[in-house]
Amino acid sequence: LQKGDTLDRVQAGLTQQSKKLANATMEIVKATKTPGTSQEALGNRFKVFAGEIGSVADSTKGIAALLGDLPRQQEVLAAAKTMTISSQALILAAKEAALNPKDGDSQKQLEKSSATAARAIKELITVSQDASADAVKGIRELEKAQSEIKRLMGDLNKPGQSKTNPREILPCLRNLGSTTGQLVANATSNKNMLVNNAQDTTRYMEEMVVNIRGLDSLLAQKPQVKKDLREASKATAAATVKLLEEVKAAKDTPESQKALSRSSEQVADQIMEVVKHLREVPGGESIRGLHDKGPDFDSIAEQELKKAAK
């Protein structure tokens with residue numbers, strides 16, 4: 001891989017190289033079947049063929065490194081291995097056919113090996129393109145989420161247009177914590193769920209921002225609390241953007257998993273900082289934590305009924 005290589009670019013290169021490899025395959029068969037082809041000419045075809053195999057192998061490794069999704073990596077590498085084995089078999093069959101041009105079995109084996117190699121090349125292109133498409137879709141959704149969250153950070157500088165109370169904010173904070181945890185869990189294993197997680201993260205972040213701004217009327221006489229609460233919310237958004245960046249670059253390695261874990265913890269810490277400042281808002285003094293659901297109204301109603309029965 002070169003610095004700055006993207007999955008799109010490497011995949012485009014692999015597709016082009018695979019087509020060249022397919023052409024080189026046909027050239028070997030053509031040269032082998034053409035009467036009078038010199039050993040030198042055939043040897044040159046083999047050199048070109050070997051060079052194309054090397055290029056395809058390098059690009060395949062690059063794609064696998066950029067995917068980050070272990071199951072997809074294994075699919076691409078398995079297809080590349082099959083392609084390499086079939087290509088080696090083709091070379092052996094071509095050499096045998098060149099040495100025995102009148103041997104029917106050798107010629108049939110050449111045709112069979114050629115067809116097998118062509119299928120393997122086509123399969124590699126299909127598998128790698130499918131894997132890249134899924135990965136690119138996930139990356140683009142993560143980038144979209146980052147962009148939206150950065151925009152929402154700017155909204156925290158604006159006055160609120162709706163009214164809310166501190167407890168109404170807890171559900172979206174819980175959901176935000178949950179979905180960012182799912183981002184980490186799916187970072188290298190489930191690209192389809194990753195798209196959903198990114199969309200959910202944006203939605204819950206927007207709910208948090210709207211609700212935080214909705215506390216303005218309650219904080220009219222508490223400007224410092226308002227400032228602290230909004231700064232904590234901005235920090236939560238910034239930590240989430242950083243987590244999304246780690247998810248984009250995630251790989252199934254201990255180092256990558258540690259980076260994901262650290263970023264996830266930072267998001268959780270910032271969410272709890274928001275909860276801490278919610279306790280300073282009128283009506284939020286009794287909030288005990290992120291999962292505090294407030295008064296148990298069913299129990300209160302039951303107590304009132306018992307009182308009335310006495």
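**Exercise 1. Find what share of the contacts between residues at least 6 apart in sequence join residues at least 24 apart.**

Solution. Start with the contacts in the chain between residues at least 6 apart in sequence; 78% of them join residues at least 24 apart. Keep in mind as you work that this is a predicted model.

**Exercise 2. Work out which elements the chain has and how spread out the chain is.**

Solution. Step one: count the elements, which gives nine helices and zero strands. Read from the N terminus, the order is α-α-α-α-α-α-α-α-α.
Step two: compare two lengths.
Step three: look at the box filled by the C-alpha atoms. Along the principal axes, this box is roughly 110 × 45 × 30 Å.

**Exercise 3. Describe the surface and the charges of the chain.**

Solution. Begin with burial: of the 310 residues, 42% are buried. Next comes the accessible surface, about 16,600 Å², with 52% of it belonging to carbon and sulfur atoms. Finally, turn to the charges: there are 46 positive and 40 negative side chains, and the centres of these two sets lie 2 Å apart.

**Exercise 4. Decide whether Thr15 is buried or exposed, and find its partners.**

Second, apply the cut-off, where buried means under 20% relative accessible area. Thr15 has 13%, so Thr15 is buried.
Third, list the contacts. Setting aside residues up to four places away in sequence, Thr15 touches Ile125 and Gln129. With Gln129 there is also a polar contact between side chains, at 3.3 Å.
Fourth, compare sequence and space for another pair. Thr15 and Ile121 are separated by 106 residues in sequence, yet their C-alpha atoms are 9.6 Å apart.

Key:
Residues are numbered from 1 along each chain as its sequence is written. This is a predicted model: local features need pLDDT of at least 70, side-chain atom pairs count only at pLDDT 80 or more; totals for chains, interfaces and linings use all residues. Side-chain values use heavy atoms; hydrogens and water are left out. Helices (H or I, at least four residues) and strands (E, at least two) are DSSP runs, numbered from the N terminus. The radius of gyration is taken over C-alpha atoms; the globule rule is 2.2 Å times the number of residues to the power 0.38. Buried means under 20% relative accessible area, exposed over 50%, partly exposed in between (1.4 Å probe, protein chains only). Contact means heavy atoms within 4.5 Å. Accessible areas come from the Shrake-Rupley method with a 1.4 Å probe; for residues, only the protein chains shown count as cover. Lys and Arg count as positive and Asp and Glu as negative; His and the chain ends are not counted. The place of a charge is taken as NZ of Lys, CZ of Arg, CG of Asp or CD of Glu. A polar contact is a pair of N or O atoms within 3.5 Å; within protein, one must be able to donate a hydrogen and the other to accept it, and residues adjacent in sequence count only if both atoms are side-chain atoms.
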